[in-house]
Each structure stands twice: as C-alpha cells, then as structure tokens.
Amino acid sequence: MDGPANTVSYFVAGYGVIFGILGIYLASLVSRWRNLSRDEKTLADLEENQ
Amino acid sequence: MGSRPKLLIVLDGVTVVMLLTATLLVFFYAPMERVMGAVQKVFYFHVAAGWVGMISFLVAAAAGVIHLIKKNIAWDRIGVAAIEIGLAFAMMNIITGSIWARPIWNTWWTWDPRLTTATIMVLIYFAYMMLRAGIEEPERRARFGAVYAIIGFLSVPLTFFSIRIWNTIHPVVIASGDPSATGAFDMTPAMAQVFLFSLVTFTVLYFDLLWHRVRLGILADRVEHLKLKLQS
C-alpha cells in the first residue's frame, strides 16, 4: 500500500458545495427579509396617507 | 435581520461557534481514512445534512397534522419553512454524496436504491413548493400544504431504510457489515466524536434557520395583510 488515495480536490469540492449552499440560503433569507421590510414600510406609509 | 429576540441572538452565536468548531474538527482532528484519503471527510457533513433534511420533513409532517387539527395558520408557516430548509440540506446531501462517489465508486451517479429514493424524495418536496405557489387562497394553500407534507413524508422512511431493505452499494453507517457496500469503513473513536459533534451542530443550525425562516413567514403575512387592507 502506498498510503491513502489523493482525493483532496474532491474533499475541497464537497465542502465548497456545503458552504456554498449554506451561503446562498442565508443570502436569500437576508434579501427576502430586506425586501419585505421595505414593502411593509411603504405600505404603512401609504396607509397613513390615506 | 430586524430586531431579533435575545434568545435568537444567542442561538445565532452558538450556531456560528459550533459550525466553526465542527469544521476545524473535520479538517484537523478527524484522522485521514487509510484507503479513501481526504474525501472520506465529506462523510461528516454529508450525513449530517441528510439527517437535517429528514428531521425537517418530519417537522413539516408534524406541523401539517397539527394544522389540520387546530386550523391555525402559524403551523403552515412552520411547515413551509421546514420544507424549504429541508430541501437545501437534502440537496447538500445528494451533491456531496455524488462528489464522494466519483473517486470511490468511479462514477458521479448510479441508480442505486438509496440514491434513487433520495432523488424521488427531493423531487416530491420540490413539487410541494411549486404546487403550493400556485394556490392563491391562504386557507386552501395551508390545507393543501398540510396534507401534502403528511403524504410526502412517506418518502422519508423509504429513503432512510432503502439501504437496509434492498441490495445496495451505499455504505451503512450504523450497524454496518454488508459486504456488497463499497466505501464502507470502521469508525475510530476520533471519527465517531467528530461525526456525533457534526450531527449535533447541524441540528442546532437547523433550528436556528427554522426560527429565522418562520420570522420571515410572519413578516410576509403582515405585508400581505397590509396589501389586502389597502386594496379594500
């Protein structure tokens, strides 16, 4: 046996996918929250002006 | 994200610390498997992501049952949040599994029972998101979501037990011993510690994300309510 197979690139790709998906999901949560907060403020202003 | 409750701020902090610790343990503490090499370390977060996906679909099914009994829209918010997060983790599980399979099985994909049932499970929940988006009336949408989440959950135990029911090359982590499995390994105590810590970390991460996603649902409902109020 020459030791373990050289699979470092697959290891890096695996963890890249894990943190990539996690990052995209977190960014989508933040972005949706910001958009909804802006909508809520605009609608509240409209309601006040009516 | 808005003014968070103190407990959620604490949970966010604990989650970040645990995730960082789990990553460092995987990278520097878990020993290198003597045949597969570094790619074996994908296993820790791969299994943890699969675990969270299944827990999440269970939460959605339970929320569906409670919604049908209590007719409270809050349970629908929990249900849809759980399925959305479950899908993200299930995708993580499938893609990392494919990356691991390339050097170990010499293929990115094979229609093995575990891979096939996991794919069907993910497609069932993707369909949930699409079908749900097509229903305008909130009560009807919530009722549909509840029934779908309960029936869709049948795919979860089928996926979990597929490697025990059918002949498969997918390794069985707990109570292994199937000689036809390719890529199985015996866990050393250090590997078991990292594995258990990763499972706990991902469970904490899941409940942290669920809380945030439910808050987002509450905000979305508030905006929807304001829109309807202005239209009438």
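Predicted model: local features only at pLDDT ≥ 70, side-chain atom pairs only at ≥ 80, totals over all residues.
In which kind of crossing, left-handed or right-handed, does helix 3 of chain B pass helix 5 of chain B?

1. Helix 3 of chain B passes helix 5 of chain B in a left-handed crossing. The residues that make this contact are B:I73, B:D76, B:G79, B:V80 and B:I83 on helix 3 of chain B, and B:P138, B:A142, B:G145, B:A146 and B:A149 on helix 5 of chain B. By class, seven of them are nonpolar, two polar and one charged.

2. The largest nonpolar core holds 58 residues. Within this core, the residues with the most contacts are B:V39, B:A49, B:F57, B:A60, B:A82 and B:I83. Two or more residues come from each of several elements, including helix 1 (8-49) of chain A and, in chain B, helix 2 (42-70), helix 3 (73-105) and helix 7 (189-231). Helix 3 of chain B gives the most, with 17 residues.

3. B:A82 touches B:S56, B:V59, B:A60, B:A63 and B:L210, leaving aside residues up to four places away in sequence.

4. Between the chains, the contact involves 25 residues of chain A and 34 residues of chain B. On the chain A side, 17 residues are nonpolar, four are polar and four are charged.

Key
Residues numbered from 1 in each chain as written. Chains lettered and ligands numbered in written order. Contact = placed C-beta atoms within 7 Å. Nonpolar A, V, L, I, M, F, W, Y, C, P; charged D, E, K, R; others polar. Core = buried A, V, L, I, M, F, W, Y, C linked by C-beta atoms within 7 Å. Buried ≥ 20, exposed ≤ 12 C-beta atoms within 10 Å, placed from the backbone. Helix = DSSP H or I, 4+ residues; strand = E, 2+ residues; numbered from the N terminus. Left-handed = near helix turned anticlockwise from the far one by under 90°.
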